[in-house]
Amino acid sequence: MIALSKESSCSSQLCLALCAFGLLFLGDLSRAVPMDDQDYYLQEISNRDHYYSFPYPGEEYFPFTEQPGEEGTIRAAQPEEHPGFKPSRKELKPKKSSKKGKSILETPPDCPPLGLETLKITDFQLHASTAKRYGLGAHRGRLNIQAGVNENDFYDGAWCAGRNDPFQWIEVDARRLTKFTGVITQGRNSLWSSNWVTSYRVLVSNDSHAWTAVKNESGDVIFEGNSEKEIPVLNMLPVPLVARYIRINPRSWYEEGSICMRLEILGCPLPDPNNYYHRRNEMTTTDNLDFKHHNYKEMRQLMKTVNKMCPNITRIYNIGKSHQGLKLYAVEISDNPGEHEVGEPEFRYIAGAHGNEVLGRELILLLMQFMCQEYLAGNPRIVHLIEDTRIHLLPSVNPDGYDKAYKAGSELGGWSLGRWTQDGIDINNNFPDLNSLLWESEDQKKSKRKVPNHHIPIPDWYLSENATVAVETRAIIAWMEKIPFVLGGNLQGGELVVAYPYDMVRSLWKTQDYTPTPDDHVFRWLAYSYASTHRLMTDARRRACHTEDFQKEDGTVNGASWHTVAGSINDFSYLHTNCFELSIYVGCDKYPHESELPEEWENNRESLIVFMEQVHRGIKGIVKDVHGRGIPNAIISVEGVNHDIRTGADGDYWRLLNPGEYVVGVKAEGYTGATKTCEVGYDMGATQCDFTISKTNMARIKEIMRKFGKQPISLSLRRLRQRARQWRQRR
């Protein structure tokens with residue numbers, strides 16, 4: 001019994017030793033290693049200590065304590081100072097890896113961004129060692145994030161560490177095992193300061209406690225950072241690493257600035273059927289569309305494919321050329337493409353006025369595919385829309401700018417590469433400023449130069465060859481004047497909001513001020529119709545893209561109350577044509593990665609269709625003479641609304657109005673005026689409101705005189721002149 005007891009005791013000790021060895025082995029495995037050696041489903045090992053309390057491997061440990069200084073700032077206890085710390089050139093230089101045993105994964109993998117810029121990564125997934133203040137916290141360390149107009153507030157342009165030393169870091173929790181492949185960095189977005197990181201280390205972890213630095217044969221890899229604050233810099237990891245957490249540790253920074261970063265992480269989430277968080281937030285689409293970024297040639301080919309699939313309802317045409325000679329192609333979708341049908345309204349979507357705002361371009365290409373497929377499938381909603389509307393889709397207004405952004409890629413173009421035309425013009429704000437002409441005329445009532453409240457002529461100076469006007473802008477204006485558009489939307493990017501006119505403030509002393517049009521109530525409804533059907537725009541839980549929270553207006557904003565712009569396409573369209581135009585900002589990320597397109601399509605699909613349907617809201621009709629002929633250029637006015645519209649070449653018109661009862665008047669040169677009451681209901685479909693007017697007596701006399709080749713001069717006046725001559729001769 002005693003011997004057996006001793007044998008059992010030895011056996012127990014051996015088991016304990018083996019268990020301890022196993023735990024040590026598992027603990028070592030829990031650190032991130034190259035994918036070839038990683039067990040994807042290894043459970044994380046918990047640790048009771050706070051993860052901020054662990055130093056980097058091989059570094060002295062400094063416990064984190066609260067330091068006096070800025071209120072609410074948590075800083076590390078003062079270690080030995082490293083003022084202006086810079087690694088040596090030898091340390092900064094990327095170290096070569098051995099060619100022996102080279103993994104296939106060392107080839108840069110095509111992993112997408114995790115979503116710091118698109119906000120897929122939430123603020124709760126971003127952590128940092130310290131921060132200067134809340135507005136420069138880890139949650140602001142997102143690629144391309146923009147600072148507020150007034151810096152030093154809640155919306156600054158980067159994460160900035162609370163102190164400048166080589167022990168600072170910013171960390172991303174992917175919330176699942178991820179194959180990390182690269183890091184993209186920028187400096188701080190600021191008009192007044194220059195701050196960026198010039199080199200950094202990358203560390204990964206599975207438990208946020210034990211960290212492994214990215215290494216090669218010579219030791220830790222020091223990646224080159226930025227040399228200025230706006231141009232993104234991409235660094236691929238020598239070997240993709242699988243982990244849950246990734247940490248960026250700045251090692252040097254601009255000597256006249258401080259540690260500030262914006263970043264994006266490239267990584268492929270690994271499949272994990274047990275990950276509830278991922279399944280809950282997963283977005284898929286059932287639409288069989290071409291979800292990719294299309295260059296100019298591919299865009300043209302896609303249009304041809306759609307036209308070949310649906311030749312009876314589509315037509316490809318161009319409205320002009322870009323500065324570099326690329327044709328501005330549009331696709332028309334209608335049951336009778338190529339002709340205006342009397343009584344049928346015309347709608348337009350345009351995108352790409354800023355060449356780097358690519359999402360709108362791809363949404364329009366997806367929309368034309370979707371409408372063709374659904375029409376062929378007999379979707380009654382789409383069939384009805386196409387049969388009752390003439391739709392024009394212009395996906396790329398600025399193909400020259402897009403080409404620049406496309407060559408840089410979805411994450412490396414920064415905030416503005418490709419925004420302007422080849423000759424440096426912002427198309428969106430390149431239209432004539434008609435607002436000033438109208439308001440000056442209204443303010444000076446005794447002015448000899450009267451300006452109408454609609455169809456304001458373009459000033460002569462703008463039409464001159466020496467005017468700074470892009471050829472693309474001139475092409476759009478000619479297109480707008482040729483086709484009687486009723487409603488339009490220009491798709492833009494970098495925000496998530498619908499902006500409606502006016503875009504220019506009336507006061508000379510303000511840069512932001514709510515400036516409504518006479519049709520403000522209609523514009524607000526049109527904006528809300530898009531925003532309310534978008535998956536995210538009116539979601540009160542969503543984070544603001546950059547600095548503005550548009551939730552108080554349900555995802556809509558008056559353009560002038562946001563920021564004043566003279567010569568916008570929205571204001572010009574309203575004051576020069578019959579078309580009500582709005583700017584639709586379809587996403588926080590101007591140029592999302594290709595993998596984001598299916599989700600962005602789901603976010604915007606219903607909104608794109610609902611907004612088109614609004615062209616059938618209000619009143620419509622035909623203004624005819626007593627012989628049944630349409631009267632072109634007749635003026636349609638609504639009592640109480642100081643903005644008129646005009647009939648088209650066939651005498652037909654459409655007037656967007658909200659539900660209600662309206663007194664509508666019509667007048668035309670040479671015709672007697674007329675009024676009638678028209679009621680707009682809540683059901684979709686414009687109310688028919690036709691007019692038949694007759695010519696005035698004077699107009700009839702003039703017509704008779706012209707018919708018989710005589711000038712319509714008063715006979716009594718002629719006799720008076722003759723008598724005057726006879727009287728002078730007698731004297």
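Tutor: Before we start, buried means under 20% relative accessible area, exposed means over 50%, and partly exposed is in between (1.4 Å probe, protein chains only). This is a predicted model, so local features need pLDDT of at least 70 and side-chain atom pairs count only at pLDDT 80 or more, while totals for chains, interfaces and linings use all residues. Residues are numbered from 1 along each chain as its sequence is written, and side-chain values use heavy atoms, with hydrogens and water left out.

Student: OK. How many salt bridges are in the whole structure?

Tutor: A search of the whole structure gives 32 salt bridges, each being a side-chain nitrogen of Lys or Arg within 4 Å of a carboxyl oxygen of Asp or Glu.

Student: Let's take E298. Which residue does E298 form a salt bridge with?

Tutor: E298 pairs with K292, and their closest N and O atoms are 3.2 Å apart.

Student: And is K292 buried or partly exposed?

Tutor: K292 is partly exposed, because its relative accessible area is 24%. E298 is also partly exposed, at 27%.

Student: What about R348, which side chain does R348 meet in a salt bridge?

Tutor: The partner of R348 is E581, at 2.4 Å from N to O. R348 belongs to strand β15 (residues 346-351) and E581 to strand β20 (residues 580-587), so the pair ties together parts that are 233 residues apart in sequence. Strands here are DSSP runs of E with at least two residues, helices are runs of H or I with at least four, and both are numbered from the N terminus.

Student: Is R348 buried or exposed?

Tutor: R348 has a relative accessible area of 1%, so R348 is buried. E581 is buried as well, at 0%.

Student: Which residue forms a salt bridge with R381?

Tutor: That is E606, with the closest N and O atoms 3.0 Å apart. This pair links distant parts of the chain: R381 sits in helix α6 (residues 380-388) and E606 in helix α14 (residues 597-613), 225 residues apart.

Student: Is R381 buried or partly exposed?

Tutor: R381 is partly exposed, because its relative accessibility is 29%. E606 is partly exposed too, at 32%.

Student: New topic. Which residues touch the most other members of the largest nonpolar core?

Tutor: They are Y349 and M371, in a core of 91 residues. Helix α5 (residues 358-377) supplies the largest share of this core, ten residues. A nonpolar core is a set of buried Ala, Val, Leu, Ile, Met, Phe, Trp, Tyr and Cys residues joined through side-chain atoms within 4.5 Å.

Student: What is M371 in contact with, leaving aside neighbours within four places in sequence?

Tutor: M371 is in contact with I333, I382, L385, I386, I391 and M612, where contact means heavy atoms within 4.5 Å. There is also a second, separate core of 31 residues, with I121, A138, V214 and W253 among them.

Student: Last one. Where is K695?

Tutor: K695 is in the loop between β28 (691-692) and α15 (697-707). K695 is partly exposed, because its relative accessible area is 27%.

Student: How many residues along the chain lie between K695 and G670, and what separates their C-alpha atoms?

Tutor: K695 and G670 are 25 residues apart along the chain, and their C-alpha atoms are separated by 5.6 Å.
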